[in-house]
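Dear colleague,

I am passing on the structure we spoke about, with some notes on what came out of it. Please read them with the coordinates open beside you.

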Amino acid sequence: MTVELDEGGGVSRVRGDRGHQWSQGSLCGKTASYADLIHSPDRLQVPLIRRDGELTPATWDEALSAVVDGLGGIAGEDILALNYAGNMGLVQRRFPMRLMHALGATGHDYGVCDAAAEAGFRAVNGRSVGPDLDVEATPGRCDLFVLWGSDAKRTSPHLLPRLKALTSAGVPVFVIDIYRSETIEVVEAWGGRGLIVHPGSDGALALGLAMRAFDERAADLAFLKDDCEGGAEFRAEVTGAWPLERVARETGLGEDEIKALSSALHGASSPLLKAGIGFARRRNGGENMRAVASLAATLGWSDRLFFQTGDHFGLDDRVISRPELRSSPAPASVSQVGLGRILASGRFRAAFVWGHNPAVTLPDSRRVREGLARDDLFLVVHELFMTETARLADVVLPATAVTEHSDVFRSYGHRTLQVGWKSSAPPGEQRSNVDCFAAIGRALGFVGDKGFPTDGSGPAFEVDEDVLVGELLAANRARFRDDEYHRAVAGEPVKLAPRTFEGEGTPSGKIELASAAVEAGGGSRVVGWTPDDGAGMRGTFRLVSAPSTATHNSTFMHVSRHRARLGEPRARVHPLDLESVGVLDGELLRIRSEFGAVTVRAIADPALPRKMVRVDGFLNEDLVPEAVGINALVSPETSDLGGGNVLYSTRVELERPKETP
């Protein structure tokens with residue numbers, strides 16, 4: 001994005017950068033109003049310290065002293081480093097880990113978002129690079145596009161113009177999802193086709209399509225033999241196991257729909273398959289993604305399957321996080337998804353939170369909140385707003401917004417990198433992640449090289465974030481051509497040249513349709529499929545927590561315009577299902593699981609599949625009478641692979657509220 005400043009140097013607006021290869025001058029409606037977030041009167045302005053049970057304003061010196069006192073006598077392994085992707089820059093996001101390493105803190109496994117999808121993808125393909133969609137998702141370069149499990153209109157809007165151009169040129173476009181999403185609606189209006197599958201049945205569809213490819217001689221046998229490990233094992237596993245009638249029964253698709261997709265796949269010579277992560281956020285999610293990757297390999301298209309682009313960049317950020325500052329081996333990481341149970345057990349005596357709002361964004365969030373509120377847990381939160389997590393803290397430290405600090409940004413949806421130099425001053429006493437955690441490090445006595453390895457790397461906490469940006473780029477200088485490097489330093493968007501790899505990044509160096517690594521971890525050597533078991537939950541209805549058109553994450557819920565656009569929380573339910581629980585369109589509806597409940601207004605939606613309830617967007621605690629978010633209903637169990645979130649496995653009951661909230 002391009003930042004426009006007023007005469008006083010403040011941010012007046014943000015807009016799309018016309019020179020950016022992917023966004024091409026446009027922003028989604030959520031980010032286009034980012035200036036409202038920057039200028040929000042609700043932003044934290046000064047540090048806060050809990051005194052006599054209340055958070056009260058303090059100076060930075062007082063807050064830093066409170067952190068030092070609060071950590072007194074606590075062993076490093078009893079300190080939890082609890083962060084996530086509220087800040088997406090490599091410098092600001094990773095620098096606080098420098099302090100966590102120096103303290104010897106315990107980390108978590110980052111399982112809440114795409115862990116299952118990544119584990120399933122990497123089990124087959126190794127590294128995640130994907131085709132260059134800027135180039136390949138264009139007429140003449142692509143003769144079939146399959147978008148699998150992604151409501152791109154809400155989550156990746158810059159893909160939509162490319163899909164429109166493809167359909168306009170007569171290229172078949174298929175969108176696979178579990179309900180009629182906005183993406184399906186617009187793609188079908190352009191001439192594409194939507195396919196609605198039963199929740200959790202994506203793997204069944206992929207394996208059925210793989211069997212048809214073998215049966216109809218559309219499989220790339222040479223690729224399977226020369227470039228894959230276990231091709232024969234995979235073929236033996238699927239052959240005869242997935243007849244058309246079984247695939248139709250498991251997925252809910254008509255046999256003609258399966259045949260149409262299969263024929264399109266077999267007839268394409270330069271297809272693209274883009275896999276989202278939504279269908280992997282469930283109990284069988286890792287195997288679902290593994291099956292999709294195995295289908296792509298069967299057809300010889302592993303290099304035409306797009307998941308994420310992280311390995312395209314290949315940036316080593318250890319110069320920022322400096323793991324060598326640990327004086328002993330790092331403690332084993334804990335499950336992010338299961339953190340509620342871990343905290344409830346009494347583990348950890350201190351926690352640092354940055355770029356994260358775990359009190360509402362993690363599964364079983366009621367128990368997460370109770371664990372963070374323990375009297376014997378010292379909690380430090382670095383935040384832009386008084387979030388649900390910040391309200392529980394002993395010390396709250398105000399954070400900068402993206403225009404108020406410098407950073408390096410890479411993408412996971414395209415191949416462009418950019419340095420964002422600080423362009424505006426913070427409105428109060430906010431400090432960036434770098435400045436905040438460096439100050440804490442100095443206050444704790446980590447001054448100069450004291451206590452650190454004598455490796456010549458210099459003081460760990462006497463730093464400047466602009467210099468750190470330069471250090472990160474310099475440490476990865478070999479990844480840049482000269483022109484790319486100079487343009488990056490100048491703050492221009494840079495589409496890095498492709499990397500050269502040897503092998504696929506799997507243990508065998510090949511595409512792995514049979515994985516000894518998965519087998520050693522307790523999984524199946526060759527991908528299989530079992531229905532989503534709901535993570536043991538007993539509810540009648542499947543809860544779908546869908547992406548919002550109004551908010552990116554919980555931070556945006558603290559900005560008035562985003563809140564107004566989101567409106568009153570609503571639950572979409574098929575009219576017959578509403579009738580079955582005695583609730584009318586527009587009345588209040590209580591959604592309940594074993595872990596919690598929320599009450600929202602019902603919308604009768606005849607387009608929604610039966611036995612499904614869909615709630616769009618993020619629910620802050622002040623939007624529902626139970627004062628919890630939607631994740632209070634979600635199980636802390638983990639996915640089949642990767643320790644991932646099972647958000648979309650949630651089973652609930654629907655009922656009339658016993659009394660008007």
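What is the order of the strands in the open sheet of 6 strands? The order is β4-β3-β14-β13-β12-β5, and the pairing is mixed; strands here are DSSP runs of E with at least two residues, and helices are runs of H or I with at least four residues, both numbered from the N terminus, while two strands count as paired if DSSP finds at least two bridges between them. Because β4 (54-57) and β5 (79-83) each have a single partner strand, they stand at the edges, and one side of each is left without a neighbour in the sheet. From one strand to the next the twist averages 20°.

Before going further, please note that this is a predicted model, in which local features need pLDDT of at least 70 and side-chain atom pairs count only at pLDDT 80 or more, whereas totals for chains, interfaces and linings use all residues. Residues are numbered from 1 along each chain as its sequence is written, and side-chain values use heavy atoms, with hydrogens and water left out.

Helix α5 (residues 96-103) lies across β5 and β12, running at about 165° to β12; contact means heavy atoms within 4.5 Å, and angles, from 0 to 180 degrees, are taken between the N-to-C directions of axes fitted to C-alpha atoms, for helices over the stretch in contact.

Strand β16 (residues 416-420) has 4 of its 5 residues buried, so it is largely enclosed by the rest of the structure; buried means under 20% relative accessible area, exposed over 50%, and partly exposed in between, with a 1.4 Å probe and protein chains only. Strand β15 (residues 407-409) runs antiparallel to β16 over 3 bridges, and the two form a hairpin with 6 residues between them. Phe409 has Gln418 of β16 as its bridge partner. β16 also pairs with strand β17 (residues 494-495) in the antiparallel sense, over 2 bridges, and there Thr416 is partnered by Lys495.

As for the cysteines, the structure holds 0 disulfides, a disulfide being a pair of cysteine sulfur atoms within 2.5 Å. For Cys113, the nearest cysteine sulfur, that of Cys28, is 16 Å away. Cys113 is partly exposed, with a relative accessible area of 24%, whereas Cys228 is buried at 5%.

With best wishes
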